Amino acid sequence: MDLTPILRSYFINVAKRTDKWSSSGDDVQLRQLRSLLYRAANTEIGRRYGFDCLTALKNPYCEFANRVPLVGYEDIRPDVMRMIYGERDVLWRGRCLDFAQSSGTSGGKSKYIPITKDGLYRCHYKGAQDSVAHYLRQNPSSRLFSGKSFILGGSFANELELNDPDTNVGDLSATLINKINPLMNFFRVPDKKIALMPDWSVKLPALVEASVKENVTSLSGVPSWFMTVCKEVMRRKDVEKISDVWPNLEVFFHGGISFAPYSGEYRKITDPAKMHFVENYNASEGFFAVQNDMSDSAMLLTIDNDIFYEFIPVGGDRAVPIWEIEKDRVYELIITSSNGLWRYRTGDTVRIENTEPVKITIAGRTRCFINAFGEELMEENVERAVEAVCLKTDCSILNYTVAPVFAEDGKRGRHQWLVEWGTPPDNSGAFATMLDDELRHLNSDYDAKRMNTIFLDPLEITEVPNGIFDKWLHTVGNGKLGGQRKIPRLSNDRQIADAVEKLMEADGFHKN
């Protein structure tokens, strides 16, 4: 039975509300700020900065920015730990029972992002609903609800020893699955027991068994992890395309990491006549943006989702609200949200593609770049170069990381790319040359350092065996893999590269 025609009108109305944002976005954001200040007025942070006085102002932004400092995670870690151990009304009203364990900071510790009830329902679930709504609006022939959505999530494995059974710490996706409306279980696979398994050596075959005979119409998850699952399903059924297993598969809602390196591989295993790929900007800190037009890679910033946004121009130091941002500039994203994050520096950078309404693309991480030789190579440059060269050479990359090789023995420094191929190129040397040329085209600092190889030698590619990055994640994840963990793309040191090469040596694999 196809329920899509019945549900379509509801979702279309959900999507239509965003049409007004072209003219009223500033007002929407001010209402969000006033609402957040009002609801947090009696919390510890609200009393500290006098939120009750701010709520009386017609436009409280300037005074809010003057009173409340910009913060990183280490600034709020003590308050979050108090919340984890049961204290109420600290950064948000009431007691928070759910926390998303996220990638570690420069101090090496994991981050624990509060997932309050308000944040869960007014932001995370609302964002997922928006994504579906815009997809259905764009696709009148969709049969999305004629089958099931394969939602890939993580687990509640964490680094803390908690005695309180009511408090959950783990991947954001685990909380989303754990708290989902029971009615949604009729439209999703796998069941909660399998979805929340912490051990991927047990979970992967269970996922295959749970999904292989289902009528899967959509996928939702991180591209790198889903590719592993899809390949295992294809191996089980002895087919070359996942669409041969799930002929009604029509859309992949993806996020978490750039889709560019995986695009070619997914297009090879799906039916191009049916398949769509929809990007979302969803993170542990919030669901920030949705792709509302599949012909446009820019995403619509969701401005009514219990988040007030600010932006710091890259190279600048003053945060500005959305009514002061400029098209085509790159900004660090700052959020104030009902998860108890106040003027919080997410560490993400975004490019403003449009201002009315605000549409963005993800530029990268503020700390994810290589500048070992003055080349200032950014993640955005790398992702675009990989996508372009893979398209030209008809190949695909499953995972990669880039590290500097420092000058020694009379040799100049260079970049080493550790690459796990999906579909390898006919000539990896030619691929490396094309990649180097594309990076020089995209980044003038890199081009200057590569000019006549005076300062920097051409990049080198080291082929790594399939599964080696999963094994590395297993070692850094306390023996657990998870759908939220990611491979850092760029590093200014060789810590990750050396660890991966040691794993290769232990397996008897000699690098090329």
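The second largest pocket has 23 lining residues, with M227, T228, K231, L398 and E420 nearest its centre. A pocket here is an open set of points on a 1 Å grid over the protein atoms alone, where a 1.4 Å probe fits, with protein on both sides within 12 Å along at least five of seven lines; lining residues have an atom within 4 Å of a point.

This is a predicted model: local features need pLDDT of at least 70, side-chain atom pairs need 80 or more, and totals for chains, interfaces and linings use all residues. Numbering runs from 1 along each chain as its sequence is written, and side-chain values use heavy atoms, without hydrogens or water.

Who supplies that lining? Helix 11 (223-237), strand 17 (396-405) and helix 16 (468-476) each give at least two residues. Helix 11 has the largest share, eight. Helices (H or I, at least four residues) and strands (E, at least two) are DSSP runs, numbered from the N terminus.

Next, helix 10, residues 200-211. Its buried residues (under 20% relative accessible area, 1.4 Å probe, protein chains only) include W200, L204, L207 and V208. The buried residues of helix 10 pack against strand 3, strand 5, helix 9, strand 6 and helix 11.

Now the cores. A nonpolar core joins buried Ala, Val, Leu, Ile, Met, Phe, Trp, Tyr and Cys residues through side-chain atoms within 4.5 Å. The largest has 64 residues; F51, Y112, Y309, F311 and W342 touch the most other members. Helix 6 (residues 73-84) gives this core the most, six residues. Apart from it lies another core, of 48 residues, with W200 and F469 among them.

Technical notes
Expected span 1.5 Å × (residues − 1). Buried < 20%, exposed > 50% of the residue type's maximum accessible area, 1.4 Å probe, protein only. Contact = heavy atoms within 4.5 Å.
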